[in-house]
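Please keep the sequence and the model in view while reading.

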Amino acid sequence: MNKLIKEIRLMAQMNQEQFANALGTTPLSVNRWENGKTVPNNMAQMQLFEFCKERNIDLFSYVVEQVRYKDDKELFVLYHGSKKGIVGNIRPISSAYCDFGKGFYMGTDPAQPLTLVCDEKAPQFYTISANLTGLKILNVEVGLDWALMIAYYRGYMDAYKDTDIYQKYAHMADGYDMIVGYIANDRMYKVMTRFFDKEITDEALLHSLSVLDLGKQYVAINQKACDQIKILAQRPLNKLELKILEEKSIQRREEGIALTEDILVKYRRKGKFFDEIMRGE
């Protein structure tokens, strides 16, 4: 928190007295915040957030870099966001309606798990090391298989349980310990939903994917895979950080819609709709 506050002041190009006056507090309070002797209360943190918003100070990248693993140890590092914190051993117990079903989810970029939990009251952020030795891994590349696999796990295929295509995706991960695939993240969320709701075709969806920067996620889907995961660091997220992340999450969704709008119009009548694919048409 102290580094973040100092970064805000420096980006605003103010000394401590000017900064204190802008926030309606004292230079002593600002000094104590920056030295880590005290922490601003929730009201003061919201004032800091509004201060940044009024001056177009974007601290999203700074927050992400503060939690990025920088040790020089040769580890395979991933990131995980938890709504309330991990209790006990790591287990594959997420909701069954996540991208690739029930499991323990980890991302290659800290930004994704950070924005995933930013609307929670007391989330925890974890830096993870994963040992993939001996694990059978299903790699799902971005494409129609990826989209339909997510459709299966999110429940959009439930009306087609008697079809061969449903069975294909129901058993695609059989025998595997971990799934590696791209994230239907905040930039892709609206486009994916429109595909599942039969508003856009598969061609419109797939061409949209080409302009969106999707990160990868590793999903441990059984206990064997979970047992090869270790927590390197755990970090709570303060209210100021959560507001910064929440604001960016909303912005990224809007950016995703803007980036794909022309593509969706161009391919509006090309390809197949989700229900047509499911019926084998």
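Gln13 is exposed, with a relative accessible area of 73%, where exposed means over 50% relative accessible area, buried under 20%, and partly exposed in between, computed with a 1.4 Å probe on protein chains only. The model is a predicted one, in which local features need pLDDT of at least 70 and side-chain atom pairs count only at pLDDT 80 or more, while totals for chains, interfaces and linings use all residues. Residues are numbered from 1 along each chain as its sequence is written, and side-chain values use heavy atoms, with hydrogens and water left out.

**Backbone and loop positions**

Gln13 sits in the loop between α1 (2-11) and α2 (16-23); helices (H or I, at least four residues) and strands (E, at least two) are DSSP runs, numbered from the N terminus. Although Gln13 is not a glycine, its phi is positive, at about 60°. Most residues other than glycine have a negative phi. Lys198, in the loop between α9 and α10 (202-209), likewise has a positive phi, of about 65°, without being a glycine, and Lys198 is partly exposed at a relative accessible area of 41%. Another loop residue, Lys70, lies between α5 and β1 and is exposed, with a relative accessible area of 58%. The C-alpha atoms of Lys70 and Phe49 are 27 Å apart, for a separation of 21 residues along the chain.

**A buried strand residue**

Gln217 belongs to strand β6 (residues 216-220) and counts as buried, at 4% relative accessibility. Beyond its neighbours within four places in sequence, Gln217 has contacts with residues including Asp99, Phe100, Tyr105, Ile179 and Tyr182, a contact being heavy atoms within 4.5 Å. Between Gln217 and Gln112 the C-alpha distance is 9.1 Å, although the two are 105 residues apart in sequence.

**Salt bridges**

Side chains of opposite charge can pair when their charged atoms come close. The structure holds 14 salt bridges, each defined as a side-chain nitrogen of Lys or Arg within 4 Å of a carboxyl oxygen of Asp or Glu.

| Pair | N to O distance | Relative accessible areas |
|---|---|---|
| Asp58 and Lys248 | 2.9 Å | Asp58 46%, Lys248 11% |
| Arg68 and Glu65 | 3.0 Å | Arg68 27%, Glu65 34% |
| Glu261 and Arg194 | 4.0 Å | Glu261 31%, Arg194 27% |

In the pair of Asp58 and Lys248, distant parts of the chain are linked, with Asp58 in the loop between α4 (42-54) and α5 (60-67) and Lys248 in helix α12, 190 residues apart. Asp58 is partly exposed, whereas Lys248 is buried. The salt bridge between Glu261 and Arg194 also links distant parts of the chain, joining helix α12, which holds Glu261, to helix α9 (residues 189-196), which holds Arg194, across 67 residues. Both Glu261 and Arg194 count as partly exposed. Arg68 and Glu65 take part, together with Asp109, in a network of salt bridges.

**The chain as a whole**

The protein chain has 13 helices and seven strands, and its C-alpha atoms fill a box of roughly 70 × 45 × 30 Å along the principal axes. Of its 281 residues, 47% count as buried. Among contacts with a separation of 6 or more, 82% are between residues 24 or more positions apart. The chain exposes about 14,700 Å², of which carbon and sulfur atoms supply 47%; accessible areas come from the Shrake-Rupley method with a 1.4 Å probe, and for residues only the protein chains shown count as cover.

**The largest pocket**

On a 1 Å grid over the protein atoms alone, a pocket is an open set of points where a 1.4 Å probe fits, with protein on both sides within 12 Å along at least five of seven lines, and lining residues have an atom within 4 Å of a point. The largest pocket has a volume of about 1,200 Å³, a volume being the space filled by probe spheres set on the points, which are joined across faces, edges and corners. Its lining comprises 41 residues, with Gly81, Lys83, Cys98, Leu116 and Val117 nearest the centre. At least two lining residues come from each of β1 (77-82), β2 (104-107), α6 (111-116) and α12 (239-266). By class, the lining has 18 nonpolar, 14 polar and nine charged residues, where Ala, Val, Leu, Ile, Met, Phe, Trp, Tyr, Cys and Pro count as nonpolar, Asp, Glu, Lys and Arg as charged, and the others, Gly among them, as polar.
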